[in-house]
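This explanation leads a new reader through the structure shown below. Please keep the view open while reading.

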Number of protein chains: 2
Amino acid sequence: MQLASCRATQPSHRLGEAVVTLTDPSGRPLADTDVTVSQTRHAFGFGNIGFDFIDLANGGGTEGDLELAELYTELFNWATLPFYWGRFEPLEGEPDTEGLANTARFLRERGVSLKGHPLVWHTVQPDWLLGKPLDEVERLQRERIRREIADFAGLIDTWDAINEAVIMPVFENGDNAITPLARAKGRIPMIRMAFEEARATNPNATLLINDFDLSSAYECLIEGVLEAGIQIDAIGLQTHMHQGYWGEETMLAMIDRFARYGLPLHLTENSLVSGHLMPAEIVDLNDYRIASWPSTPEGEARQADELARHYRSLVSHPQVASITYWGITDAGAWLGAPIGLVRADGSPKPGYDALHALIKGEWWLPATPVRTDADGRFRLRGFAGDYEVSAGGTSPRSAICLSQQQNHSVHLTMEVEGQAR
Amino acid sequence: MQLASCRATQPSHRLGEAVVTLTDPSGRPLADTDVTVSQTRHAFGFGNIGFDFIDLANGGGTEGDLELAELYTELFNWATLPFYWGRFEPLEGEPDTEGLANTARFLRERGVSLKGHPLVWHTVQPDWLLGKPLDEVERLQRERIRREIADFAGLIDTWDAINEAVIMPVFENGDNAITPLARAKGRIPMIRMAFEEARATNPNATLLINDFDLSSAYECLIEGVLEAGIQIDAIGLQTHMHQGYWGEETMLAMIDRFARYGLPLHLTENSLVSGHLMPAEIVDLNDYRIASWPSTPEGEARQADELARHYRSLVSHPQVASITYWGITDAGAWLGAPIGLVRADGSPKPGYDALHALIKGEWWLPATPVRTDADGRFRLRGFAGDYEVSAGGTSPRSAICLSQQQNHSVHLTMEVEGQAR
């Protein structure tokens with residue numbers, strides 16, 4: 001029996017296999033038939049931020065936006081969309097629901113799944129919330145959760161329900177209405193509020209807790225949340241590395257600490273600069289402000305190497321379910337840092353190519369010819385995800401879904417052009 | 001009405017007042033009578049470790065132990081006794097219950113209240129526990145909690161139920177049977193086990209959680225514990241300062257973070273060296289091993305100054321209920337550090353005198369003459385605690401208890417020698 005296989009044999013826990021039997025509509029095996037099998041989608045979430053496509057999706061945008069979107073969708077199947085309250089609803093009662101819905105549809109039509117980020121956070125808050133009494137802030141926060149979850153149900157069903165709860169009640173880097181609420185209620189009641197409002201509005205939503213504080217504090221908080229009976233669907237771990245790549249060993253040791261709760265881990269915010277590193281003494285990354293932070297050839301080579309190492313090590317860990325990079329382009333990147341995979345001029349960096357060589361190369365099954373045996377069978381092995389089989393240029397395509405560490409038997413009924421009946 | 005008052009007027013929240021009316025056994029006011037009022041005990045817990053008196057209390061000890069005990073009881077009303085499992089029960093089934101009970105009685109007879117430390121910890125573990133299956137370790141741990149709580153009930157009713165739970169499941173500085181148990185159960189179930197076993201055995205016990213990790217991790221853990229409905233009576237905060245005094249501002253900011261849970265705060269482990277400071281780069285204090293760490297004249301002057309500042313700032317915070325210093329003498333001190341208040345040769349350091357000037361000086365009412373008014377009354381103001389009134393050398397003494405921020409009316413019946421009936 002012939003085998004169609006992606007190049008990768010590792011990590012084996014990411015791979016699925018199937019014995020595919022093709023029959024014609026009358027049930028007769030399609031014996032000794034040349035077909036083509038191709039991967040169409042990764043089950044693993046390879047994500048990035050979708051912030052750059054809001055203008056384009058809403059009829060605006062600038063030159064190069066469409067090309068950027070093509071580079072994006074060629075590599076990524078997952079996008080984080082911005083629901084920062086202060087930007088989403090700068091005037092009370094006037095949320096940009098339509099703009100975000102257009103963006104969500106634009107990406108969904110291109111095969112990109114979506115996460116909304118975040119429903120509760122103390123930063124990027126609307127000015128109009130400041131100064132209101134705490135019970136009013138809480139009521140508005142609860143309503144805002146329900147509104148976004150309801151308005152986007154079916155379009156966005158994954159959400160960072162709450163962001164950075166560890167520091168939330170003791171945050172001192174900007175006046176806001178949420179920190180006093182978190183201080184008054186406590187962290188766990190804040191988390192309960194976020195998850196319970198979201199869950200009540202959309203029981204099918206996948207809800208994350210997300211944090212940059214990866215110390216024991218986050219472990220302790222998660223343990224408290226689980227003990228309190230709050231159902232969290234995945235743990236979000238931010239790993240912005242403007243101050244340098246942490247290395248595989250440190251990264252995997254950190255992941256191991258959070259893996260023991262048995263929940264999927266989403267590496268929600270990854271960044272690696274392709275220029276000079278931010279000085280190590282900066283504690284809050286937001287405090288580093290410089291006029292220009294250029295991408296350099298040496299930096300781009302380093303970023304490409306680190307991206308490949310980082311993605312390899314994360315994909316190697318069985319509990320990691322997604323990796324979301326934090327920037328497709330340097331144009332407008334967070335902190336002005338050259339963390340993008342594409343330069344401000346629209347050209348892909350070596351880092352883009354390095355990721356492509358993994359996600360759409362080593363870990364991917366391109367269109368591959370395979371001949372069925374006398375019983376109409378062939379074997380398929382590849383990364384968990386969606387595949388399709390076609391025979392001849394115009395025949396309908398049939399879909400196969402491979403799951404991690406499973407060996408399926410798949411029967412497909414196909415019409416093959418020119419085949420004898 | 002005459003006033004008998006301690007010198008301190010601050011911190012006012014520590015002071016209590018009473019109008020004391022003295023009557024003779026027939027109910028007639030003891031008008032215009034000279035009496036003496038004296039403080040006999042602080043309500044605030046001024047503690048230290050009682051580790052040094054185990055030998056003495058058990059019929060052994062060396063020269064100077066009795067003098068050391070006298071220096072101790074002159075200053076401290078509170079002692080922490082060591083129940084480190086590995087030392088308390090080095091052979092399975094042979095706990096040193098008698099030795100510790102003798103020590104507890106020795107100190108109680110001298111007016112010192114007691115705390116047992118700790119019931120659950122991952123360090124100083126018995127060798128015989130290693131290698132047992134987890135469920136057996138848990139069973140033995142539960143039995144050990146119940147045994148110590150029961151054996152010492154009435155003698156020791158305050159316990160560090162669990163020590164250093166933040167690091168417990170990820171502790172890497174020594175093989176032990178408790179870390180794997182904590183990793184398997186989680187931190188909060190470990191804490192629940194400690195508190196619920198102890199509470200079930202002695203419902204009147206005062207039970208603490210205690211930690212050296214004063215970061216957000218401890219906050220998050222406490223919030224999880226409270227959300228889980230585990231009743232903790234006080235929060236223990238360790239402040240070993242071998243690497244230098246943190247200063248009032250840092251200390252009070254830290255205390256404020258833990259004060260918001262509304263629980264009494266016990267500063268359970270305080271140390272300040274009277275020699276050179278431990279280098280700042282040492283992370284686990286236990287890793288610093290040197291042949292000799294001498295107490296120096298400059299170090300002793302610095303320690304005395306810092307002790308006074310530290311105690312003043314802690315006593316100034318309304319939610320701090322006790323301060324336990326971590327060493328009476330340099331002889332046998334933890335890490336060989338000169339943290340004692342008494343030198344290895346038995347002579348008090350300036351730090352001892354500095355604390356004495358506060359605890360038994362400024363914050364204390366020594367034997368003070370006061371004359372009652374025509375209605376047999378005088379006013380008393382002082383630190384919360386126990387006071388006694390006597391009239392003449394051989395008359396019985398009557399007790400008054402002052403509570404913080406309260407103004408009592410106290411009636412005492414006294415016989416006064418030589419007074420006309």
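How many aromatic pairs are there over all chains? The model is a predicted one, in which local features need pLDDT of at least 70, side-chain atom pairs count only at pLDDT 80 or more, and totals for chains, interfaces and linings use all residues. Residues are numbered from 1 along each chain as its sequence is written, chains are lettered from A and ligands numbered from 1 in the order in which they are written, and side-chain values use heavy atoms, with hydrogens and water left out.

The count is 34 aromatic pairs over all chains. Rings of Phe, Tyr and Trp (its six-membered ring) pair if their centres lie within 6.5 Å; planes under 30 degrees apart count as stacked, over 60 as edge-to-face and the rest as tilted. One pair is formed by A:Phe53 and A:Tyr72: the ring centres are 5.3 Å apart and the planes stand at 85°, so the pair is edge-to-face. A:Phe53 lies in the loop between strand E4 (45-49) and helix H1 (54-57) of chain A, and A:Tyr72 in helix H2 (residues 65-75) of chain A, so the pair ties together parts that are 19 residues apart in sequence. Helices (H or I, at least four residues) and strands (E, at least two) are DSSP runs, numbered from the N terminus. A:Phe53 is buried, at 0% relative accessibility, and A:Tyr72 is buried at 0% as well. Buried means under 20% relative accessible area, exposed over 50%, and partly exposed in between (1.4 Å probe, protein chains only).

A:Phe152 and A:Trp159 also pair edge-to-face, because their planes are at 75°, with the ring centres 6.3 Å apart. A:Phe152 is buried at 0% relative accessibility, and A:Trp159 is buried at 0% too. Elsewhere, ring pairs link A:Phe44, A:Phe46, A:Tyr311, A:Trp363 and A:Phe383 into a cluster.

Helix H2 (residues 65-75) can also be followed in chain B. Its buried residues there are B:Asp65, B:Leu68, B:Ala69, B:Leu71, B:Tyr72 and B:Leu75. Seen down the axis of H2(B), these residues fall within an arc of 160°, so they line one face of the helix; the arc is that of the directions from the helix axis to the C-beta atoms. Their cover includes strand E4 (45-49), helix H1 (54-57), strand E5 (78-82), helix H4 (97-108) and helix H11 (350-362) of chain B.

How are the two chains related? A rotation of 179° with 0.0 Å of shift along its axis superposes chain A on chain B, with an RMSD of 0.1 Å. The two copies are thus related as by a two-fold rotation axis. Copies are superposed by least squares on the C-alpha atoms of residues with pLDDT of at least 70 in both. The same surface serves both copies, as 95% of the contact residues of chain A recur in chain B, where contact means heavy atoms within 4.5 Å.

Some backbone details remain. Most residues other than glycine have a negative phi, and most peptide bonds are trans. The peptide bond from A:Gln10 to A:Pro11 is cis, with omega near -10°, and A:Pro11 is in the loop between strand E1 (3-5) and strand E2 (15-23) of chain A. A:Glu164 has a positive phi, near 60°. A:Glu164 is buried, with a relative accessible area of 10%, and lies in the loop between strand E7 (158-163) and helix H6 (178-185) of chain A.
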